[in-house]
Amino acid sequence: MFVEAIEKVDQYTRPIHFILRYYTGSDIVPGTATLFFVNENGFAITCRHVAQQILYASSIYENYLKFKSELRKFEKDPSFETQRGFLENKYRINGDNPIRILFNFINCVTAYKGLAIHLHPTQDLAIIQFRDFDSKQYQGFARFLKDSRLVKQGRYLCRLGYPFPEFTNYQYNKNTGDIEWLNTGRINTPSFPIDGIVTRHIGESNGVVGIEMSTPGLRGQSGGPLFDKNGVIYGMQSSTRHLHLGFDQVNREVITEGHRKRVSNYPFLNVGQCVHVDVIKQFLREKNVTFYEDEV
């Protein structure tokens, strides 16, 4: 049902690749996100939480370098461990937050000379502008739903994104003590569609701001388009909610492969949350970004 729509939307939907390094770990953690272009001039949209990683990547690493520089003064000091703990608190360095983030836009534009990023003040939405690029590597652009009254319960829609980070073109450089991109290895990651129906509208005091879908958005699909069978954009995948169903089974005896076992299960329904098309169009208008509409 969505074959032609996916082929159309795939032409202007692109992955963002991330590699992260954490303070207490030695592994490089790959990750993905999604953006899609809204016009022919290098303007794209994605989630605010994705854009923030791009926006603050440099400052995160600069903060870590300052921490390392100050800690180095105490290398031969008997109070080294105490000083390290103090500096970890001072610079907010811990195992839960990355100390290094690198990102790579895949097949978007060539030789861009800068980025402009606009974060929506309340919703999980951001605009990314590629500045002074040589040429586009995407074809076409989004066409948004003109009449949002068509966003109704039961409407069958699809999302497209890049949830599986299968790229391998990165490494840890022992000489520099840093992570880096390589010109070798796999540079692509596959797109992945997921369908579902509209279950509910997500509202706030200022009106409807989101669309809930019956199926979850997968990690890496954040920033991907929500569209119908004609490829018309209804919204953008943002996050997944986990709704407790209440069908809990606690310490229940079951027979599996001929053996009796005690198991517990607390089932949840995972539903997708998407930024509403009206929110996207309004933000684009506020930032004077050209976009296009289509009637279903």
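1. Which residue lies over the face of Y61? R100 does, at 3.7 Å from the ring centre. A charge sits over a ring if NZ of Lys or CZ of Arg is within 6 Å of the ring centre and within 35 degrees of the ring normal. K136 also lies over a ring face, that of Y138, at 5.2 Å from the centre.

2. A word on the source. This is a predicted model, where local features need pLDDT of at least 70, side-chain atom pairs count only at pLDDT 80 or more, and totals for chains, interfaces and linings use all residues. Residues are numbered from 1 along each chain as its sequence is written, and side-chain values use heavy atoms, without hydrogens and water.

3. There are 18 aromatic pairs (Phe, Tyr or Trp rings, the six-membered one for Trp, with centres within 6.5 Å; planes under 30 degrees apart are stacked, over 60 edge-to-face, the rest tilted). The centres of F164 and F192 are 5.2 Å apart and their planes stand at 85 degrees, so this pair is edge-to-face.

4. The largest nonpolar core has 57 residues. Such a core is a set of buried (under 20% relative accessible area; exposed is over 50%, partly exposed in between; 1.4 Å probe, protein chains only) Ala, Val, Leu, Ile, Met, Phe, Trp, Tyr and Cys residues joined through side-chain atoms within 4.5 Å. L35, I45, F144 and L284 have the most contacts inside it.

5. A second, separate core has 8 residues, including Y64, F67, L71 and Y91.
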